[in-house]
Amino acid sequence: MSSRERFKAVARCRKPGELSLTNFFNDFWNETLFGWVKNGAPSQLANSSFRGQYFGFDHVRVLREIVSGLRQVPYEIGGVEAYVATPPICPLFHMKALEEDEHTIIIINRAGQTVKLLKDHPQQMPEYLAQPVSDRETWKEYKKKLAPDAPGRWPDDWKGYVEKMNARDIPVCLQVGSFFGFLREWMGLEKLLYTFYDDPGLIEEMMDTILTLELEVIERALKDVKVDWALFWEDMAYKSGPLISPAMFRKFMIPRYRKITDLLHKHGLDIIFVDSDGNINKLIPLWLECGVNGFWPLEVAAGMDAVALRKEYGKGAILAGNMDKRALLKGKEAIREEVMTKLPPLLESGGYFPSVDHLVPPDVTLENFQYFINTMREVAGLEKLPFH
Amino acid sequence: MADFFKTLSDRVQDGDDQKVVQMVEKALKDRILAIDILEKALVAGLQALGERFKEGEVYLPEILISIRAMNRGVDVLRPHLQGQEAQKQGCVVLGTIEGDLHDIGKNLVKLMLEGNGFRVVDLGIDVPASSFAKAAGEHRADIVGISSLLTLSMTSISKVIDALKSSGLRDRVRVMIGGAPITRQFADSIGAEGFAEDCVTAVDEAKRLMKSAK
């Protein structure tokens, strides 16, 4: 069975008992990796290919060269490397430092946001001071960066790119947008939530701009590239539930999701994930209703429970994450308990990609993470890794 | 009169700020006491919406537009409230813990506490433990509210409790905490009396702490 087929078989619950730890769902804060290396881990851990081999991850390829979904744009603050999550704008904004003190720096980042960062921890979520879109006028200018044919949206050598992507036996993911998350990145949460009431027409226009871009990207990409799964990014919930009501979700988002999932289905693509932090229990049935069937990272601190979701939705939902990152802070006993409680039933049902319930945070030790990996391998009947 | 207060309370819950302003202006012309308009209609409206939030009937956008409508009404009332100011529920010194720049949750808590009659001293983000203690002393705070969104920064919360102890304030200042990785269990483990899941339960919790302090 090829690597692509295996990924799809696990997702579709056709490989019960199979452990698939992918490099996509098992990801790290930069600070985590730098901290481990500083404390004596192999320096190559910062390299994703090496990391994949070291931890025994299955490789998944995201088509990041096509600028469609959320992109991680690298930058550097005082020698510390970090990434900023950026909507699919072409071109990016120029980064500019505005002011700084000993501890913090204020910059305009590549997404056009004015943010205050901690110099020593630039990858942490910043304080947002100003957003690139504040009204219809600023939107009119900003939306030019979302044109499907904006320079830089597509790889220069499309033919070569297609050949390279199709030649490799690695599951390939296409990012297909975001109808809430991007708007929040453009306007800021408070302004966005007011705008749903103050100017719903602007919300619809922004969502339709995303829709136009993503439909074009999907049509063009799937015509040539073999894609195995698709990914939305929303981050539209917090600890107690969704940031907007299910009724608002239904009104504004479902019709647009449907247009995208219908097109994906037309191309035979039926593994469609959404990445949303927080408690998404009230949104899952709505996403399922419009063809989005995979959910990550299922944050435990927000009350998400993959075992309960499996019981509630059966094999119709693909689940990823949900291993409580806080257990990895506590130590081996807590890690074992977390894995033993969740992994056996979820592996048995299939349709589950294990990982920590978000990026691995910097206060998790390498030793604990190694123990986490080997405990999961033990449950799946695989040999423990030596981690040399 | 009860019908009027109920209708105005409903408009606050709808977030209809223009209607709220109109109704408050008319009520003042009709010589209804400003303090009654404030407490029986505006604050009552926000409190009713808080209950609906807990029931899952409304969400954050509805809370935000409701607070805005209430505040517009309060702006009209303010010149008429002199001498009949509502008694404040208490004073809360609020901030995001050192090493953490998240402010959205903290800002929502501030809006809800103020809307429900608390005086809030907002220290902002990335606040060192010593600054919480200093502000609690200066403002004679009843509660210190601490937000933390990171597992890395949540461990610093106990430093605030230590700083309050060192300043001799711990006996009279209650500590309330919240944020994505925070649980009631964690709050108990570090000796924080209060824990809030969200901006609405933060108000309930602050009121509970005020009662327990009396």
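## Exercises on a predicted two-chain model

Leaving aside neighbours within four places in sequence, A187(B) touches I177(B), I182(B), A192(B), G194(B) and F195(B), where contact means that the C-beta atoms, placed from the backbone, lie within 7 Å. This is a predicted model, in which local features need pLDDT of at least 70, side-chain atom pairs count only at pLDDT 80 or more, and totals for chains, interfaces and linings use all residues. Residues are numbered from 1 along each chain as its sequence is written, with chains lettered from A and ligands numbered from 1 in the order in which they are written.

**Exercise 1.** Work out whether A187(B) is buried or exposed, and place it in its helix.

*Solution.* Start with the element: A187(B) belongs to helix α9 (residues 184–190) of chain B. Helices here are DSSP runs of H or I with at least four residues, strands are runs of E with at least two, and both are numbered from the N terminus. Next, recall the cut-offs: a residue is buried if 20 or more other C-beta atoms lie within 10 Å of its own, exposed if 12 or fewer, and partly exposed in between, with C-beta atoms placed from the backbone. A187(B) has 21 C-beta neighbours inside 10 Å, so A187(B) counts as buried. Finally, look along the chain: S158(B) is 29 residues away in sequence, yet the C-alpha atoms of A187(B) and S158(B) are separated by 9.3 Å.

**Exercise 2.** Check the length of helix α1 (residues 2–14) of chain B, then find what covers its buried residues.

*Solution.* The expected span of a helix is 1.5 Å times one less than its number of residues. For the 13 residues of α1(B) that gives 18 Å, and the end C-alpha atoms are 18 Å apart, so the two agree. The buried residues of this helix are L8(B), S9(B), R11(B), V12(B) and Q13(B). Their cover includes α2 (17–29), α3 (34–54) and α4 (60–77) of chain B. Just after α1(B) comes G15(B), with a positive phi of about 75 degrees.

**Exercise 3.** Describe the 5-stranded sheet of chain B and the helices that pack on it.

*Solution.* First, the order: this open sheet runs β2-β1-β3-β4-β5 with parallel pairing, where two strands pair if DSSP finds at least two bridges between them. At the edges stand β2 (118–122) and β5 (194–196) of chain B, each pairing on one side only. From one strand to the next the twist averages 25 degrees. Angles run from 0 to 180 degrees between N-to-C directions, using lines fitted to C-alpha atoms, for helices over the stretch in contact. Now pick one pair: β1 (residues 90–96) and β3 (residues 143–147) of chain B share 5 bridges in the parallel sense, and V93(B) stands opposite V144(B) in β3(B). Helix α6 (residues 129–138) of chain B touches β1, β2 and β3 of chain B, and its direction makes about 165 degrees with that of β1(B). Helix α8 (residues 157–166) of chain B touches β3 and β4 (174–178) of chain B, at about 160 degrees to the direction of β3(B).

**Exercise 4.** Find the edges of the 4-stranded sheet of chain A and a hairpin in that chain.

*Solution.* The sheet is open, with the order β4-β5-β6-β7 and antiparallel pairing. β4 (96–100) and β7 (127–130) of chain A each have a single partner strand, so one side of each is left without a neighbour in the sheet. Between β4(A) and β5 (residues 104–108) of chain A there are 4 bridges, and E100(A) has I105(A) as its bridge partner. For the hairpin, turn to β2(A) and β3(A), which have 2 residues between them; G78(A) in the turn has a positive phi of about 50 degrees. These strands, residues 71–77 and 80–86, pair antiparallel over 7 bridges, with P74(A) partnered by Y83(A).

**Exercise 5.** State how many residues each chain gives to the contact between chains A and B, and which element of chain A gives the most.

*Solution.* Chain A contributes 26 residues and chain B contributes 19 residues. On the side of chain A, the elements giving two or more residues are β6 (114–118), α7 (189–198) and α13 (325–330). α7(A) gives the most, with 6 residues.

How values were computed: Contact = placed C-beta atoms within 7 Å.
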